[in-house]
Number of protein chains: 2
Amino acid sequence: MAFTAAVLGLGNIGRCVIRSLEQAPDFTCVGVVRRATSIGTTTYDLRGVPDFPSFDDLLNNVERPDVVIMGLPSRLSPHAAAELLSRGFNTVDSFDIHDRIVEVVGTLENKAEKGRAVAVTAAGWDPGTDSIMRTMFEAMAPVGTTFTNFGRGRSMGHSAACRSLPGIADATAITIPLGGGRHSRHVFVVLEKGCTQEQAYETIKADPYFAHDPLNVTVVRDSKELEMVADASHGVLMERVGASGAANNQHLTMEMRIDNPALTAQILVASARAAVRLCQMEKYGCYTLIDIPPIMLLPGDRMELLGRLV
Amino acid sequence: MAFTAAVLGLGNIGRCVIRSLEQAPDFTCVGVVRRATSIGTTTYDLRGVPDFPSFDDLLNNVERPDVVIMGLPSRLSPHAAAELLSRGFNTVDSFDIHDRIVEVVGTLENKAEKGRAVAVTAAGWDPGTDSIMRTMFEAMAPVGTTFTNFGRGRSMGHSAACRSLPGIADATAITIPLGGGRHSRHVFVVLEKGCTQEQAYETIKADPYFAHDPLNVTVVRDSKELEMVADASHGVLMERVGASGAANNQHLTMEMRIDNPALTAQILVASARAAVRLCQMEKYGCYTLIDIPPIMLLPGDRMELLGRLV
């Protein structure tokens with residue numbers, strides 16, 4: 001019995017979601033909504049997935065999806081999810097603005113309960129699977145410090161945030177770890193006419209995404225030149241040193257080196273599986289990844305998974 | 001509102017559980033059952049926790065515990081847990097014989113449902129938190145291979161299994177990683193009178209705990225000499241290389257270097273917290289760590305935890 005999913009947006013995430021759905025043994029992708037701002041979409045091979053200009057067009061043409069996977073920029077995502085939840089659709093998003101997660105969970109919880117639907121939010125790798133790691137590491141060594149060191153790599157969230165700022169035509173933001181959970185940001189920008197490097201720097205520095213970290217801004221000629229630094233490689237090194245009971249010197253480390261949108265998309269698909277199952281169990285509400293039993297992220301029978309993975 | 005816990009057994013795990021309970025903000029330890037075989041218990045400082053010769057003695061003297069944390073050898077643990085569950089006590093154990101976990105979950109599930117209680121089984125670091133990692137890594141890169149490389153370190157389960165074999169008076173088993181998820185075992189043994197090194201080797205090699213791996217057996221004079229190799233250091237390196245959707249070359253790694261019984265005990269206490277909460281929600285049954293939302297492992301308010309960890 002396959003679940004059905006629709007994809008909202010056809011940027012980096014949406015495209016990768018389509019590929020991950022194609023490989024999932026328990027999912028069919030009924031269609032994708034191609035937003036006006038979806039980047040470079042004309043040349044993208046949808047491999048048979050039908051595309052629509054709006055979600056209502058999609059609904060008029062294909063089977064009602066069990067879950068809608070959001071491939072929107074973080075800032076647009078909660079509003080769109082809230083509307084879908086109110087209409088009774090399960091949603092999954094990789095909203096990544098850490099400071100706002102509690103607020104977003106509150107909003108979506110309310111809409112999900114009213115719509116008798118399930119939302120999974122902040123379901124990428126950070127926030128997302130990294131959140132599971134931080135939770136587990138703290139349970140394992142309750143006294144101690146965790147450092148989450150991102151990069152070196154291209155931050156999709158920071159790049160998208162930059163592109164939406166006035167004076168900036170295009171941007172790629174690289175996150176560079178400084179150790180101890182601290183980072184600097186190196187942003188490569190294509191300026192709009194009339195905007196200077198200094199103005200771009202001030203605009204970016206004033207944005208909450210960038211306000212807390214050392215910042216470098218490099219101006220490049222055009223989007224073609226920007227492509228030279230816009231590979232999707234990313235990674236994280238999470239380190240906790242702490243104590244379990246009377247035992248100090250507990251060293252817990254997680255490191256990954258990954259294709260960023262592909263991993264985010266894969267986690268969205270795993271979370272979509274959990275969302276549909278939670279809805280079938282009538283456990284309506286808004287979940288983050290730490291609210292979900294990990295086994296729900298995988299297809300297949302519980303006892304088979306226990307035998308193989310526990 | 002504090003939860004109450006009793007500890008069954010006062011070996012390496014039981015002792016560390018007492019220390020972790022002492023530090024937990026939401027637990028009180030009502031007592032410990034000191035088994036006849038508990039090692040070196042006469043000199044152990046219980047820091048005010050009352051000890052009893054049997055669980056029924058404990059019940060006759062102190063408050064009924066919300067959860068019983070099992071510090072028994074794995075082979076004795078399921079039977080003891082089943083009996084407690086039948087009597088309506090929640091149990092948590094670090095049963096570690098991977099091949100038997102599915103069977104044990106089935107047995108304990110049945111007893112737990114009948115007793116209207118919750119069991120959390122296989123709740124150490126492997127099986128346990130490593131199981132969460134394997135589950136997460138597979139969700140993140142569904143196509144690929146995971147290697148779990150243990151050690152170098154002392155395996156409590158393998159050491160206890162050895163000590164129970166005929167001809168062996170005392171033993172310490174060291175696990176040495178060979179790469180690719182393969183291991184060799186180096187066992188240091190004190191022989192009983194009449195047992196030779198060759199006999200000890202054959203007896204150990206025939207045990208299911210040791211049958212699959214290269215084995216070395218070194219004879220030492222007495223338990224005093226054994227102490228020289230019996231430190232509780234251990235660790236694991238878990239590596240997954242795989243693909244997320246169309247993206248190959250996804251590298252996911254978890255490594256830890258830890259005091260083994262202290263970490264196991266800490267995870268037992270975190271799991272005990274989840275067990276009591278699940279029982280309060282009337283979700284009776286048997287759980288492994290991958291069946292439990294990670295947030296239930298930590299004390300405190302959900303929204304505070306989401307804000308801090310997601």
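This is a predicted model: local features need pLDDT of at least 70, side-chain atom pairs count only at pLDDT 80 or more; totals for chains, interfaces and linings use all residues.
In chain B, helices H1 and H9 cross at roughly 55°, and helix H6 is largely enclosed by the rest of the structure. Between the chains, H4 of chain A meets H10 of chain B, with axes that come within 9 Å. Two cis peptide bonds are described, one from A:Gly151 to A:Arg152 and one from B:Asp126 to B:Pro127.

**Helices H1 and H9 of chain B**

- Helix H1 spans residues 12–23 and helix H9 spans residues 260–280, and their axes come within 8 Å.
- The crossing of H1(B) and H9(B) is right-handed.
- From H1(B), the contact involves B:Asn12, B:Ile13, B:Cys16, B:Val17, B:Ser20 and B:Leu21.
- From H9(B), the partners are B:Pro261, B:Ala262, B:Thr264, B:Ala265, B:Gln266, B:Leu268 and B:Val269.
- By class, the residues of this contact are nine nonpolar and four polar, with no charged residue.

**Helix H4 of chain A against helix H10 of chain B**

- Chain A contributes A:Val102, A:Val105, A:Gly106 and A:Glu109 to the contact, and chain B contributes B:Arg302, B:Met303, B:Leu306 and B:Gly307.
- The contact of H4(A) with H10(B) has four nonpolar, two polar and two charged residues.

**Helix H6 of chain B**

- Six of the eight residues of H6(B), residues 156–163, are buried, so the helix is largely enclosed by the rest of the structure.
- The buried residues are B:Met156, B:Gly157, B:His158, B:Ser159, B:Ala161 and B:Cys162.
- These buried residues pack against several elements of chain B, including H1, H9 and helix H7 (197–206).
- Strands E8 (153–154), E9 (168–179) and E10 (182–191) of chain B also pack against the buried residues of H6(B).

**A:His183**

- A:His183 lies in strand E10 of chain A, residues 182–191.
- With a relative accessible area of 6%, A:His183 is buried.
- The side chain of A:His183 reaches the backbone nitrogen of A:Phe150 at 2.7 Å.
- A polar atom of the A:His183 side chain also lies 3.4 Å from the backbone oxygen of A:Gly181.
- Beyond neighbours within four places in sequence, A:His183 contacts A:Thr148, A:Asn149, A:Phe150, A:Thr175, A:Ile176, A:Pro177, A:Leu178, A:Asp213 and A:Pro214.

**B:Thr121**

- B:Thr121 is placed in the loop between E6 and H5 of chain B.
- At 1% relative accessibility, B:Thr121 counts as buried.
- The side chains of B:Thr121 and B:Asp93 make a polar contact at 2.8 Å.
- Leaving aside neighbours within four places in sequence, the contacts of B:Thr121 include B:Phe95, B:Val104, B:Val105 and B:Leu108.
- B:Cys286, B:Tyr287, B:Thr288 and B:Leu289 are also among the contacts of B:Thr121.

**A:Thr28**

- A:Thr28 is in strand E2 of chain A, residues 27–33, and is partly exposed at 39% relative accessible area.
- The C-alpha atoms of A:Thr28 and A:Thr4 are 4.8 Å apart, although 24 residues separate the two along the chain.
- Leaving aside neighbours within four places in sequence, A:Thr28 is in contact with A:Ala2, A:Phe3, A:Thr4 and A:Ala5.

**Backbone exceptions**

- Most residues other than glycine have a negative phi, and most peptide bonds are trans.
- The peptide bond joining A:Gly151 and A:Arg152 is cis, with omega about -5°.
- A:Arg152 sits in the loop between strands E7 (143–150) and E8 (153–154) of chain A.
- The bond from B:Asp126 to B:Pro127 is cis, with omega near 0°.
- B:Pro127 falls in the loop between strand E6 (118–120) and helix H5 (129–140) of chain B.
- B:Asn249, in strand E13 (residues 247–259) of chain B, has a positive phi near 65°.
- B:Asn249 counts as exposed, at 55% relative accessibility.
- B:Glu282, in the loop between H9 and strand E14 (285–287) of chain B, has a positive phi of about 60°.
- B:Glu282 counts as exposed, at 52% relative accessibility.

Key
Residues are numbered from 1 along each chain as its sequence is written. Chains are lettered from A and ligands numbered from 1 in the order in which they are written. Side-chain values use heavy atoms; hydrogens and water are left out. Axes are lines fitted to C-alpha atoms, for helices over the stretch in contact, and angles run from 0 to 180 degrees between N-to-C directions. Helices (H or I, at least four residues) and strands (E, at least two) are DSSP runs, numbered from the N terminus. A crossing is left-handed if the near helix is turned anticlockwise from the far one by less than a right angle, and right-handed if clockwise. Contact means heavy atoms within 4.5 Å. Ala, Val, Leu, Ile, Met, Phe, Trp, Tyr, Cys and Pro count as nonpolar, Asp, Glu, Lys and Arg as charged, and the others, Gly among them, as polar. Buried means under 20% relative accessible area, exposed over 50%, partly exposed in between (1.4 Å probe, protein chains only). A polar contact is a pair of N or O atoms within 3.5 Å; within protein, one must be able to donate a hydrogen and the other to accept it, and residues adjacent in sequence count only if both atoms are side-chain atoms.
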